[in-house]
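Hi everyone, thanks for making time for this one.

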Amino acid sequence: MIITLTYISLICGGLLVLLLLLGIIGGLDVDIDLDADTSVDGGGGVDVGLVKGGLTFLSIGSWTTKLILLSTANPVAAIVSGVAAGAVAVYLMKWVVRLLLRQEENVNWTAEDALLQPGRVYLRVPAAGEGIVHVNVKGGMREFKARSAKGTELPTGTQILVDDLGTDGALLVSLRS
């Protein structure tokens, strides 16, 4: 039984490490997430996944069971301790994932995020045509096509304010006062 537990823990632990490395290096996420209430559900939109949760439970649980079987001859205590250790390991993994996801920042942006933001003309905006402006959106300078909202020419370097978004996606800008 000890040899079987060793193989289970080594295989499950190796697969878990391989899945985590593939996720970190290549962005590959090979896992199954269930919408049902399960023991691996992190709650609040955080889910460690059935595969990774199961591998963690089996790996830690079998190692703990093996170690207790080596130190005492009571198989019931070893199995109960292994199940408890596996459950604690899954809980700790869920907690770490939740902690890491709290550090995540939404960096996606759209042209609508530029509304009412100040900017600067990069390429002249003619009175009846389009130019290019730079606007700070979500911490980065973004380049947009722009037209003058009042039909006046805006030379390069002029400080502008984004008034509206045109139907074609170009910003409607005016001179910033």
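Let's start with α2 and α3, which pack at an angle of about 145°, their axes 7 Å apart. This is a predicted model, so please keep that in mind throughout. The crossing of these two helices, α2 and α3, is right-handed. As for what sits in that contact, its residues divide into 14 nonpolar, eight polar and one charged.

Now turn to the other partner of α2. Helix α1, residues 2-26, and helix α2, residues 50-71, have axes that come within 8 Å and cross at roughly 145°. And which hand does the crossing of α1 and α2 have, left or right? It is left-handed. By class, the contact of α1 with α2 holds 15 nonpolar, seven polar and two charged residues. On the α1 side you'll find, among them, I2, L5, T6, I8 and L19, and these belong to a set that meets α2 residues including V51, L55, W63, K66 and L70.

I'd like to stop at K66, which lies in helix α2. Would you call this lysine buried or exposed? With a relative accessibility of 13%, K66 counts as buried, because the cut-off for that is under 20%. What does its side chain find there? The side chains of K66 and T6 are joined by a polar contact of 3.1 Å. If we set aside neighbours within four places in sequence, K66 is in contact with I2, L5 and T6.

Over in helix α3, residues 75-102, have a look at Y91. Y91 has a relative accessibility of 47% and so counts as partly exposed.

Let me zoom out for a moment. The protein has three helices and five strands, and along the sequence the order reads α-α-α-β-β-β-β-β. There are 177 residues, and buried ones make up 31% of them. Looking at contacts with a separation of 6 or more, 54% are between residues 24 or more positions apart.

In soluble globular proteins, nonpolar side chains tend to be buried together. Here, the largest nonpolar core has 13 residues. Which of them have the most contacts inside the core? They are V133, V135, F144, I160, L171 and V173. The elements giving two or more residues to this core are β2 (130-137), β3, β4 and β5 (171-175). Of these, β2 gives the most, with three residues.

Not counting residues up to four places away in sequence, T158 touches G119, R120, V121 and L175.

Finally, two loop residues with backbone angles I'd like you to see. L116 is in the loop between α3 and β1 (118-123), and its phi is near 65°, a positive value in a residue other than glycine. L116 is also exposed, with a relative accessible area of 61%. K138 is in the loop between β2 and β3, and its phi, again positive in a residue other than glycine, is near 50°.

Notes: Residues are numbered from 1 along each chain as its sequence is written. This is a predicted model: local features need pLDDT of at least 70, side-chain atom pairs count only at pLDDT 80 or more; totals for chains, interfaces and linings use all residues. Side-chain values use heavy atoms; hydrogens and water are left out. Axes are lines fitted to C-alpha atoms, for helices over the stretch in contact, and angles run from 0 to 180 degrees between N-to-C directions. Helices (H or I, at least four residues) and strands (E, at least two) are DSSP runs, numbered from the N terminus. A crossing is left-handed if the near helix is turned anticlockwise from the far one by less than a right angle, and right-handed if clockwise. Contact means heavy atoms within 4.5 Å. Ala, Val, Leu, Ile, Met, Phe, Trp, Tyr, Cys and Pro count as nonpolar, Asp, Glu, Lys and Arg as charged, and the others, Gly among them, as polar. A nonpolar core is a set of buried Ala, Val, Leu, Ile, Met, Phe, Trp, Tyr and Cys residues joined through side-chain atoms within 4.5 Å. Buried means under 20% relative accessible area, exposed over 50%, partly exposed in between (1.4 Å probe, protein chains only). A polar contact is a pair of N or O atoms within 3.5 Å; within protein, one must be able to donate a hydrogen and the other to accept it, and residues adjacent in sequence count only if both atoms are side-chain atoms.
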